[in-house]
Amino acid sequence: MFTISPIDKSQAKQIKHRIDNKTKPLGALGQLESLAEQIALIQQSDTLTVTNPHLLIFAADHGISQHGVSIAPAEVTTQMVHNFLAGGAAANCFCRSNDMALKIIDAGILGEIDNYPDLIKQSLGKGTKDFSTEDAMSLETAQQGIDAGANIVKSLHQSGTNLIAFGEMGIGNTSSAAAIMALLLNLPADACTGHGTGIDDSQFQKKLSLIRLACKHHYECTGDPMKVLAAVGGFEIAQITGGILQAAENRMTILTDGFIVTAAALLAVAINPNVRDYLVFCHHSEEAGHNRMLQHLNATPLLNLGLRLGEGTGAVLALPLIKSACAFYNDMASFDDAGVTV
């Protein structure tokens with residue numbers, strides 16, 4: 001579906017030498033050094049840039065939410081989309097303070113939304129089906145979702161965007177992400193399921209039992225990313241997966257948010273392993289399964305702030321670190337430039 005090349009590492013030694021020869025002790029900038037190295041390998045340029053950065057928040061509803069597995073009812077998805085469009089959510093605040101453009105995508109919410117300049121309507125339906133008893137969507141719909149997400153990213157890349165972040169909104173989507181993780185990685189539901197944004201122990205037990213049921217019902221999908229996506233995924237997760245795949249094809253830097261977006265990243269990497277080269281993991285989610293996801297992807301996030309909000313907030317908060325990594329790579333003097341001897 002996508003032509004994704006691994007990053008060209010032929011200049012890796014020269015890039016590492018340039019970083020090591022800056023006026024600092026070896027490794028003194030910690031993860032900023034490996035971050036600058038990754039971006040330099042992605043961009044294949046002597047000067048690193050962040051141009052027209054965007055956060056895309058994909059919103060959709062989930063059939064599993066009818067079982068009360070979240071702290072809020074499904075109506076809150078639509079209400080939060082209104083909040084995003086009014087500029088009142090945390091993601092809006094962080095995007096404004098970091099000069100990052102924000103687009104909201106109706107990937108399949110239950111409610112109706114009027115037209116807004118920053119709203120993209122590409123709904124796959126009025127929420128998925130209840131994946132504990134049936135497929136969340138058809139394989140054809142899953143493919144449509146991937147194509148829809150890819151088209152947005154393709155358009156942004158054509159307009160000059162070289163860095164993109166993904167966020168999500170969807171009541172019930174931690175359940176979907178946990179089920180994706182369990183089936184894709186062949187793990188027990190207990191290792192993948194957490195308390196989401198703050199459900200109580202009774203709700204958690206219900207959520208866990210439903211994900212166990214789903215894993216049993218859809219066991220034949222284990223390890224197959226497209227079948228897993230159709231069986232237990234969400235419309236927003238499908239479109240994020242497509243967006244990630246397209247961004248990797250376009251050699252863009254991809255800022256990966258928390259648990260749900262990392263589930264989409266898992267799917268994208270399973271579809272094409274070369275995607276991994278372009279992913280920057282921004283924060284360590286409080287959700288139970290996220291650490292294991294990160295281990296599977298050999299990822300060390302930039303931030304660990306105890307976040308459990310979603311919306312792409314962790315990705316936006318990491319943007320100043322991206323810019324700082326580019327700045328030191330571009331502008332920090334070398335020992336020779338500064339006349340410093342060591």
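**Figure 1. Salt bridge between R212 and D190.** R212 counts as partly exposed because its relative accessibility is 40%; buried denotes under 20% relative accessible area, exposed over 50%, and partly exposed the range in between (1.4 Å probe, protein chains only). D190, at 45% relative accessibility, is likewise classed as partly exposed. The closest N and O atoms of R212 and D190 are 2.6 Å apart, and a salt bridge requires a side-chain nitrogen of Lys or Arg within 4 Å of a carboxyl oxygen of Asp or Glu. R212 belongs to helix α7 and D190 to the loop between α6 and α7, so the pair ties together parts that are 22 residues apart in sequence. Helices (H or I, at least four residues) and strands (E, at least two) are DSSP runs, numbered from the N terminus. The model is predicted: local features need pLDDT of at least 70 and side-chain atom pairs count only at pLDDT 80 or more, while totals for chains, interfaces and linings use all residues. Residues are numbered from 1 along each chain as its sequence is written, and side-chain values use heavy atoms, with hydrogens and water left out.

**Figure 2. Salt bridges of K16 with D20 and of E33 with K24.** The whole structure contains 6 salt bridges. In the pair K16 and D20, the closest N and O atoms are 2.9 Å apart. These two residues are separated by about one helical turn, because they lie 4 residues apart in helix α1 (residues 12-20). K16 has 37% relative accessibility and therefore counts as partly exposed. For E33 and K24, the closest N and O atoms are 2.9 Å apart, and both residues are buried.

Figure 3. H62 counts as buried because its relative accessibility is 3%. Its side chain forms a polar contact of 2.7 Å with the side chain of E236; such a contact is a pair of N or O atoms within 3.5 Å, where within protein one must be able to donate a hydrogen and the other to accept it, and residues adjacent in sequence count only if both atoms are side-chain atoms. Leaving aside residues up to four places away in sequence, H62 is in contact (heavy atoms within 4.5 Å) with residues including T128, N173, S176 and E236.

**Figure 4. Helix α8 (residues 225-232) and its covering elements.** Of the 8 residues in α8, 7 are buried, among them M226, V228 and L229. The cover over the buried residues includes α5 (139-158), α6 (173-185), α7 (201-217), α9 (235-249) and α10 (259-271). D224 caps the N-terminal end of α8, with a side-chain oxygen 3.2 Å from the backbone nitrogen of M226.
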